[in-house]
Amino acid sequence: MISSQHDDVTARFARDTASHTMTVLHEEGLYRHLRFEGTADSPFSQYPFELITWPYNLVVKAGWTFHFDIDATEDMFDLFRRTALTGQINPGYWQEKVRAGRDEIEGFNPDLLKWEIASTIAQWMRDDLAERVWVQAKEWGLNPEELDATTGLRRQLSLEVRPQWRAANRELREAVHEHFFSDMADYNIEFESEAHRALHEFSYRSEGYDGPYPYHFADWHEWRLKDYTPGFLHCCHAIRRGIDLYDAARKQAEVAA
């Protein structure tokens, strides 16, 4: 699902800039101001972007603005060329070079929250099945050694408890859905603060359970709920696309000369 968002941005950027051409507003050595935009008759001419460079610095302006710098690389185009394949981006490495715009690099992603919740529920249910199998084994008078030593016994016990386990699984998932995702939920998990509140306040006890440990998301503070923003990914693609167009124009000029 993370890659899905990245793929969406990649596809949208490729579509929106397919007809873009480069205009050199200024070029004097490493001092460059390049503008990239579609032709007047292009449906995507409203998505221009600019690259501005000077020694050890690059600024990209594409609706969002990010300033990159690194003392070790005088021509910043070289940095982006050698740290990603042609046509590809490397946001994980490039974000380390952002001087201005760092607050816009990552943002809360509800899809990551949904993935973490689904993953946790799956683990809960695996644990619950294992516990039900062990309880059934004890009722049959078996000890752990016998359970593990007898071929096919664990599978047989799993089949015995599966109807009850499936019912418990369904009830748990319904409780989670009602708490987080239903139209009647008290939270709007599209917002990070609301998602945190929903995670903190979730607690579920299955019918008949009177133990001290209800289902709750104990380690949600450790979850990764942020991903690269569409704006940062868009700007990374703008840098890569702009450099590729710049290099192609230079090569064409060299051939013509």
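Predicted model: local features only at pLDDT ≥ 70, side-chain atom pairs only at ≥ 80, totals over all residues.
Biologist: In which sense do strands β2 and β3 pair, and over how many bridges?

Modeller: Strands (E, at least two residues) and helices (H or I, at least four) are DSSP runs numbered from the N terminus. Two strands pair if DSSP finds at least two bridges between them. Strands β2 and β3 (residues 49–54) pair in the antiparallel sense, over five bridges.

Biologist: Which residue takes a positive phi in the hairpin of β3 and β4?

Modeller: Strand β4 (residues 57–61) pairs with β3 in the antiparallel sense over five bridges, and K61 in β4 is the bridge partner of E50. Two residues lie between the strands of this hairpin, and the one with a positive phi near 70° is Y56.

Biologist: With which residue does R35 form a salt bridge?

Modeller: A salt bridge is a side-chain nitrogen of Lys or Arg within 4 Å of a carboxyl oxygen of Asp or Glu. For R35 the closest N and O atoms are 2.7 Å apart, and the partner is E50. R35 lies in strand β2 and its partner in strand β3, so the pair ties together parts that are 15 residues apart in sequence; the partner is E50.

Biologist: Is E50 buried or exposed?

Modeller: Buried means under 20% relative accessible area, exposed over 50%, and partly exposed in between (1.4 Å probe, protein chains only). R35, at 23% relative accessibility, counts as partly exposed. E50 has a relative accessible area of 13%, and therefore it is buried.

Biologist: How many residues apart in sequence are the parts tied together by D75 and R32?

Modeller: D75 forms a salt bridge with R32, their closest N and O atoms being 2.9 Å apart. D75 lies in the loop between β5 and α2 (76–82) and R32 in strand β2, so the parts that this pair ties together are separated in sequence by 43 residues.

Biologist: Which residues are linked with R250 in a network of salt bridges?

Modeller: The side chains of R250 and D247 meet in a salt bridge (3.7 Å, N to O). Being three residues apart in helix α8 (residues 230–256), R250 and D247 are separated by about one helical turn. In the network, R250 is linked with D78, R81 and D247.

Biologist: With the side chain of which residue does the side chain of H67 make a polar contact?

Modeller: H67 lies in strand β5 (residues 65–69) and, at 15% relative accessibility, counts as buried. A polar contact is a pair of N or O atoms within 3.5 Å; within protein, one must be able to donate a hydrogen and the other to accept it, and residues adjacent in sequence count only if both atoms are side-chain atoms. At 2.7 Å, the partner side chain is that of N57.

Biologist: How far from C235 is the nearest cysteine sulfur?

Modeller: A disulfide is a pair of cysteine sulfur atoms within 2.5 Å, and by this rule the count comes to zero disulfides. C235 is in no disulfide, and the nearest cysteine sulfur, that of C236, lies at a distance of 7.3 Å.

Methods: Residues numbered from 1 in each chain as written. Heavy atoms only, no water.
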